[in-house]
Amino acid sequence: MSAVAGIVRYRPVLRAALLGALLLPSCRPTEKDRIALVGATVIDGRGVHPLPDQVVVVYHGKIETITAREGFEIPKTAVQLDVRGRWIIPGLIDAHAHTARWSLTRYLSFGVTTVRDVHGQQDSILALREQANLAGVLSPRIFSAGAMIDGVPATYPDATPVSTEDEARRAVDQKAVAGVDYLKIYTKVTPNLLRAIMDEAASFHLRVTAHLGLTDAVTAANLGVRGIEHMSGVPEAASRDATKFYAAHREGFFKGWTFFERSWAGLDSAALDRVAKQLAEYRVIVIPTLVLHDTFSRLDDPAVLNNPELHAVPDSELTRWNVPGMVARAGWTEADYLAFRAARPVQDLFLREFRSAGGMIAAGTDAANQLLVPGASEQRELELLVDAGLTPSDALAAATRNGAILLGADSLGILAPGKAADLVVLGGDPLADIHNIRKVERVMVRGFIVSADSLRAAW
């Protein structure tokens, strides 16, 4: 058994050949190569009733057995961990993240075992993904789009700008060769550029997700976009005339975001219902990032700037965030914050209508952007989804099974024999009260199990 900073993984113990020659097989010490979590209630993520008093046996990074404790003989090679009075859920998936090395243990400490990174400096984020996924660093699993594809001039200097259909196709080719897991397009991509991107992406079997600006959500879905980030493009699709939206997006990112965000409060509920049904019919997955909308709507509230969870963020990162500088660049005023807050109930209404129409929602956060703490923001996202009208079970599915479906990762998001042993041990029942998602005691990823407290002690 090895233990480093609270991490435990059990492997067969190697012995000298001489010792092996001297011992009869019946006299060999029992080698510990499994972990058995004993006595918890398992919420396996498949939508069935919770399973009380279970044993979860993990072997070589995968779940070997989930069964009732009564009558089950725990393997002699298993180290047993008593988790009676606890709940085990699948590891959480942050379906909209911007991952940095400092954030990795923060995600784990809050129960996030997979992140879907939607944009970063391409060489750096793909290198970090490889290191993490080869267990070279204690980390959630990382799926990455590399650098997103944008129109010209690109909103961010590390994005990939395209101005013609040929450039759009070449950008897709370059990312496929680099080994991205999927593609992300950004606000300046027009329908014509998107059509070329989708056609080329199909050649490589790459899924495409979108933060929309110059293309509405229904048009993007019709072209085959798989994920809609931030509910972008929905007001444009629900509006009778999207010309003003597009004009604002062309002026710049913050102009476009502000117009988009303010517009929600004036949208017609019947038009929203129509868009929700259309997107559900296209089988688009919506990643609403309610925690982003909610946080930015309350930047005039001192409690947001003094959130105790910010202690998890390094001082250097807080400095880089420069929230006052962001607000100044955006030009946001008290009137804007009031409008953003008025938008929130309408955003929640859209999600209820989308869910009612059979649409799938995946939980994402936009961490680690300003004031969005990696991992903690995912917990807050689940609470906001319940506030919006989802059941705790639906919210939990949004952060587990649905995120895995979005990624096309069928070994994640549920707990079952043969699936990846990514799980969270909670001190309370999240189906009785979604706030219990905050009671993270232990986290397992890739067969490693670590206490949340030991991770936090190392910050």
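**From numbers to names**

Reader: Why does Leu183 count as buried?

Author: Leu183 has a relative accessibility of 0%. Buried means under 20% relative accessible area (exposed is over 50%, partly exposed in between, with a 1.4 Å probe and protein chains only), so the value of 0% makes Leu183 buried. A word on the background: this is a predicted model, where local features need pLDDT of at least 70 and side-chain atom pairs count only at pLDDT 80 or more, while totals for chains, interfaces and linings use all residues. Residues are numbered from 1 along each chain as its sequence is written, and side-chain values use heavy atoms, with hydrogens and water left out.

Reader: Where is Leu183, and what is it in contact with?

Author: Leu183 is in strand β13. Helices (H or I, at least four residues) and strands (E, at least two) are DSSP runs, numbered from the N terminus. Contact means heavy atoms within 4.5 Å. Apart from neighbours within four places in sequence, the contacts of Leu183 include Val172, Lys175, Ile197 and Val208.

Reader: What makes His211 buried or exposed?

Author: The relative accessibility of His211 is 5%, so this residue counts as buried. His211 sits in the loop between β14 (208-210) and α6 (217-223). Among its contacts beyond four places in sequence are Lys184, Tyr186, Glu229, Phe253 and Trp257.

Reader: Which residues of α4 are buried, and why do you put them on one side?

Author: Ala168, Ala171, Val172 and Lys175 are the buried ones in α4. They cover an arc of only 100° around the axis (the arc of the directions from the helix axis to the C-beta atoms), which is why they are on the same side of α4. An α-helix has 3.6 residues a turn, so residues three or four places apart point the same way. On the other side of α4, Asp166, Arg170 and Val177 are exposed. The cover over the buried residues of α4 includes α3 (122-133), β13 (183-185) and α5 (191-203). Just after α4 comes Gly179, with a positive phi of about 95°.

Reader: Which residues of α10 are buried, and what do they pack against?

Author: In α10, Ala271, Leu272, Val275, Ala276, Leu279 and Ala280 are buried. The buried residues of α10 pack against α6, α7 (234-238) and α15 (334-356).

Reader: At what angle do α8 and α9 cross, and which residues make the contact?

Author: Axes are lines fitted to C-alpha atoms, for helices over the stretch in contact, and angles run from 0 to 180 degrees between N-to-C directions. On that scale, helix α8 (residues 243-251) and helix α9 (residues 253-263) cross at roughly 145°, with their axes coming within 6 Å. The contact is made by Lys244, Phe245, Ala248, His249 and Glu251 of α8 and by Lys255, Gly256, Phe259, Phe260 and Ser263 of α9.

Reader: How many bridges join β19 to β20?

Author: Four bridges join strand β19 (residues 440-445) to strand β20 (residues 448-451), and the two run antiparallel. Val445 has Phe448 as its bridge partner in β20. This hairpin also has two residues between its strands, and Arg446 in the turn has a positive phi of about 55°.

Reader: Why are β8 and β10 said to stand at the edges?

Author: They belong to an open sheet of three strands in the order β8-β9-β10, with parallel pairing. β8 (92-97) and β10 (141-144) each have a single partner strand, so one side of each is left without a neighbour in the sheet. The twist averages 20° from one strand to the next. Strand β9 (residues 112-117) pairs with β10 over four bridges, with Asp117 opposite Ser144.

How values were computed
Pairing = 2+ DSSP bridges.
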